[in-house]
Amino acid sequence: MGSGQQVLAWVPRLRRYARALAGNRDDADDLVQDTLERACAKSGLWHGVADMRAWLFGIMHNLHVDGIRRPRLATVVLDDDTPEAPVAPTQGDRLAVLDLQAALEQLPIEQREIMLLVALEDMSYAEVAATLGIPIGSVMSRLSRGRERLRALMEGRAEPIRLKVVK
């Protein structure tokens with residue numbers, strides 16, 4: 001499989017991760033497009049890339065972090081042709097997914113990214129460390145703190161339960 005085909009093979013996974021990071025389809029599509037543009041601009045490096053997935057996700061991570069640091073004003077064009085906002089279904093599964101999404105959005109970005117790469121993209125700790133350019137110990141501690149915080153949010157608690165060590 002050629003390098004270009006390898007990049008294209010990862011587009012569905014990039015879109016899924018971008019959607020989870022960005023929270024909406026338009027921003028996710030922009031993030032994927034920016035990632036692919038950056039990858040194409042660096043196509044001369046493709047032959048030296050050992051793990052195309054980690055390389056692409058690393059590009060996406062860096063673009064996302066840059067976007068967070070550079071605030072922008074969100075706008076919506078409203079006119080007579082703008083449809084009314086649809087009412088979301090109230091099935092239990094849909095609500096649970098929305099609750100999970102809302103809880104994920106409350107996590108610090110460092111924890112959320114690692115949770116998504118491990119759980120959604122099924123990356124190993126070493127792959128996440130390489131993708132984000134951080135030590136594997138940081139991956140493990142951020143993942144642990146993220147899981148604790150996510151569990152607390154899903155259970156309706158403000159903070160994770162902390163066990164006191166008695167000496």
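Begin with the aromatic rings: a search of the whole structure, which is a predicted model, finds one aromatic pair. Rings of Phe, Tyr and Trp (its six-membered ring) pair if their centres lie within 6.5 Å; planes under 30 degrees apart count as stacked, over 60 as edge-to-face and the rest as tilted. Select Y17 and F57, which form a tilted pair with 5.3 Å from centre to centre and 45° between the planes. Y17 belongs to helix α2 and F57 to helix α4 (residues 52-69), so the pair ties together parts that are 40 residues apart in sequence. Helices (H or I, at least four residues) and strands (E, at least two) are DSSP runs, numbered from the N terminus.

Are these two residues buried or exposed? Y17 counts as buried because its relative accessibility is 0%, and F57 counts as buried at 1%. Buried means under 20% relative accessible area, exposed over 50%, and partly exposed in between (1.4 Å probe, protein chains only).

Residues are numbered from 1 along each chain as its sequence is written, and side-chain values use heavy atoms, with hydrogens and water left out. As the model is predicted, local features need pLDDT of at least 70 and side-chain atom pairs count only at pLDDT 80 or more, whereas totals for chains, interfaces and linings use all residues.

**Helix α2**

Next, select residues 11-22. Helix α2 has twelve residues and reaches 16 Å from its first C-alpha to its last, close to the 16 Å expected at 1.5 Å a residue; the expected span is 1.5 Å times one less than the number of residues. Within α2, the buried residues include V11, L14, Y17, A18 and L21. They cover an arc of only 125° around the axis, which puts them on the same side of α2; the arc is that of the directions from the helix axis to the C-beta atoms.

**Helix α4**

Move to helix α4 and select R53, which lies in this helix. R53 counts as buried because its relative accessible area is 9%. Which residues does R53 touch, not counting residues up to four places away in sequence? They are W10, R13, E121, D122, M123 and E127, where contact means heavy atoms within 4.5 Å.

Leaving out residues up to four places away in sequence, H61 touches E113 and L132.

**The loop between α6 and α7**

Return to D122, one of the residues that R53 touches. D122 is placed in the loop between α6 and α7 and counts as exposed, at 61% relative accessibility. D122 has a positive phi of about 55° although it is not a glycine.

**The nonpolar core**

In soluble globular proteins, nonpolar side chains tend to be buried together. Here the largest nonpolar core has 38 residues, and those with the most contacts inside it are W55, I114 and V128. Such a core is a set of buried Ala, Val, Leu, Ile, Met, Phe, Trp, Tyr and Cys residues joined through side-chain atoms within 4.5 Å. The elements that give two or more residues to this core are α2, α3 (25-41), α4, α5, α6 (109-120), α7 and α8 (136-154). Helix α4 gives the most, with seven residues. Select W55 and show its surroundings: leaving aside neighbours within four places in sequence, W55 is in contact with A39, K42, L45, W46 and V49.

**The whole chain**

Finally, zoom out. The chain has eight helices and zero strands, and 33% of its 167 residues count as buried. Among contacts between residues at least 6 apart in sequence, 62% join residues at least 24 apart.

Colour the model by pLDDT, the predictor's confidence in each residue, from 0 to 100. The chain averages 82, and 77% of the residues score at least 70. Among the elements, helix α5 (residues 92-106) has the lowest mean pLDDT (75) and helix α7 (residues 125-132) the highest (93).
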